[in-house]
Amino acid sequence: MKWTTLLGASLLALAAAACGGLAAEPMQESEAEASGPSYPQFELDPDWPVLPNDWVTGEVSSVTVDRRDHIWVLHRPHTVPEENRDNAAPPIIEFDDTGAFVNAWGGQAEGYDWPWNEHGLFADHDGHIWIGGNNPTGRTPPSEVEDNMLLKFTNTGELLLQIGGRDLGTNNLTTDSVRKSAEMFVHEPTNEVFVADGYGNRRVIVFDADTGEFKRMWAAFGQEPSDTEPEADPDDPNGPPWFGTVHAIEVSNDGLVYVGDRNNSRIQVFDLEGNYRRQVFVNQFEGRSLTCAGIAFSPDPEQRFMYVADQANLHVHVLDRQTLEVLDSWGELGQAPGDFDALHHLAVDSKGNLYTAEAQRNHRAQRFLYAGMSQ
């Protein structure tokens, strides 16, 4: 699949993007029927981001956007090559909506357990920053420290809450910590943090976002979590009855929980209580199966479109959120700007611009500007 872009996008389309995201001239019904569903398109911003102080990043594991359209990037200083280690940026880097550097902080300090291998990052509705980790990974740099913590900070790095801690030996039935969690999402109406507890465990777990009190948890298809895998039928078209790696989690404005089961190439949809609704397989048969690593929604109130990071095959898939139909796919393997390697997570700002994080190899975040709707 080739990268679909609008390098020659008109000034009109770019102006529409700047004024409200996903704004496009309406098509006549006959035109829409003839051309098929319309979907967002993007063009690379080659000048974003710019790091100060000659800083370099290691593996960029996650990216998130706050209510001010400030973009937050999480990277792994341990993975910066040794010869550049003195120039490693702090793990959390903040940029404003113009792309200017604002602040950077993070790392182990007195009073909390910082993860050895930084993984998930989320800016909540109050501007607080959440982080988790997934060590040990079996990769370099080696460490047997197990990341069983979820941390909540102010946007200047002051600790507000720690759930769990280091080396707790938790499992799928533990309710006061996570185990090598992948991502988190704070749902404003209920003030709950939904966690993709997916590298050490195979579940979604929900806590009160202020107190850390356990609320509920569930496994694939809304089942009760268990440390014993249920028997699987290899011919079942629904796939295994357990999560592979619970890698992504997003809650929509209409109260649905979208869970990216990366290793099973599927997204499962639940209500807020964990009742299973439906699922969709995304690019199940191309190359490798790690296709649902990240999820983000378009910024319109209805969140008409869902973006899925295909980590293994290096695509961004654009889905109709209501029908779960794949409308477009773009991206390819490479180191050049606009290409991907180990596409890990993604996020969207209020103008519809898309941000991507590449872990393991390319060590970067990229921005793709919303450039109007397909015709």
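Colleague: Hi! Among contacts in the chain between residues at least 6 apart in sequence, what share join residues at least 24 apart?

Modeller: Hi! That share is 54%. Please keep in mind that this is a predicted model.

Colleague: Thanks. How many helices and strands does the chain have?

Modeller: There are two helices and 24 strands in the chain. Its radius of gyration is 20 Å, close to the 21 Å that the globule rule gives for 375 residues, so the chain is as compact as a globular protein of that length.

Colleague: What box do the C-alpha atoms fill?

Modeller: Along the principal axes, the C-alpha atoms fill a box of roughly 60 × 55 × 40 Å.

Colleague: And what percentage of the residues is buried?

Modeller: Of the 375 residues in the chain, 58% are buried. As for the surface, the chain exposes about 15300 Å², and carbon and sulfur atoms supply 48% of that area.

Colleague: How many positive and negative side chains are there?

Modeller: The chain has 25 positive side chains and 59 negative ones. The centres of the two sets lie 3 Å apart.

Colleague: Let's zoom in. Where is Trp114?

Modeller: You'll find Trp114 in the loop between strand 5 (101-105) and strand 6 (118-123).

Colleague: Is Trp114 buried or exposed, and why?

Modeller: Trp114 counts as buried because its relative accessibility is 5%, and the cut-off for buried is under 20%.

Colleague: What does Trp114 touch?

Modeller: Leaving out residues up to four places away in sequence, Trp114 touches several residues, including Pro91, Ile92, Ile131, Met149, Leu151, Phe153 and Arg166. There is also a polar contact of 2.8 Å between the side chains of Trp114 and Glu118.

Colleague: How far is Trp114 from Gly294?

Modeller: Their C-alpha atoms are separated by 23 Å, and the two residues are 180 apart along the chain.

Colleague: New topic: which peptide bonds are cis?

Modeller: One of them runs from Trp48 to Pro49, with omega near -10 degrees. Pro49 sits in the loop between strand 1 (40-44) and strand 2 (59-65). Another cis bond runs from Asn135 to Pro136, with omega near 0 degrees. Pro136 belongs to the loop between strand 7 (129-133) and strand 8 (147-153).

Colleague: Why point those out?

Modeller: Because most peptide bonds are trans. Likewise, most residues other than glycine have a negative phi.

Colleague: Then which residues other than glycine have a positive phi?

Modeller: Asp167 is one of them, with phi near 55 degrees. Leu314 is another, with phi near 65 degrees.

Colleague: Where are those two?

Modeller: Asp167 is in the loop between strand 9 (159-166) and strand 10 (183-187). Leu314 is in the loop between strand 19 (305-310) and strand 20.

Colleague: Are they buried or exposed?

Modeller: Asp167 is partly exposed, at 45% relative accessibility. Leu314, at 6% relative accessibility, counts as buried.

Colleague: What about His315, where does that lie?

Modeller: His315 lies in strand 20 (residues 315-320). With a relative accessible area of 2%, His315 is buried. A polar atom of the His315 side chain lies 2.8 Å from the backbone oxygen of Gly331.

Colleague: And which strand holds Met306?

Modeller: Met306 lies in strand 19. It is buried, with a relative accessible area of 0%.

Colleague: What does Met306 touch?

Modeller: Not counting residues up to four places away in sequence, its contacts include Tyr258, Ile267, Ile295, Phe297, His317, Val318 and Leu324. Between Met306 and Pro81, which are 225 residues apart along the chain, the C-alpha separation is 35 Å.

Colleague: Is Arg304 buried or partly exposed?

Modeller: Arg304 is partly exposed, with a relative accessible area of 36%. Its place is in the loop between strand 18 (294-297) and strand 19.

Colleague: Last one: where is Thr245 found?

Modeller: Thr245 is in the loop between strand 13 (214-218) and strand 14 (246-251). Its relative accessible area is 7%, so Thr245 is buried.

Colleague: Which side chain makes a polar contact with that of Thr245?

Modeller: That is Asn263, at 3.1 Å. Thr245 also touches other residues, among them Gly198, Tyr199, Gly260, Asp261 and Arg262, not counting residues up to four places away in sequence.

Terms used: Residues numbered from 1 in each chain as written. Predicted model: local features only at pLDDT ≥ 70, side-chain atom pairs only at ≥ 80, totals over all residues. Heavy atoms only, no water. Helix = DSSP H or I, 4+ residues; strand = E, 2+ residues; numbered from the N terminus. Buried < 20%, exposed > 50% of the residue type's maximum accessible area, 1.4 Å probe, protein only. Polar contact = N/O pair within 3.5 Å; in protein donor to acceptor, adjacent residues only side chain to side chain. Rg over C-alpha atoms; globule rule 2.2 N^0.38 Å. Contact = heavy atoms within 4.5 Å. Areas by Shrake-Rupley, 256 points an atom, 1.4 Å probe, with all protein chains shown as cover. Lys, Arg positive; Asp, Glu negative; His and termini not counted. Charge placed at Lys NZ, Arg CZ, Asp CG, Glu CD.
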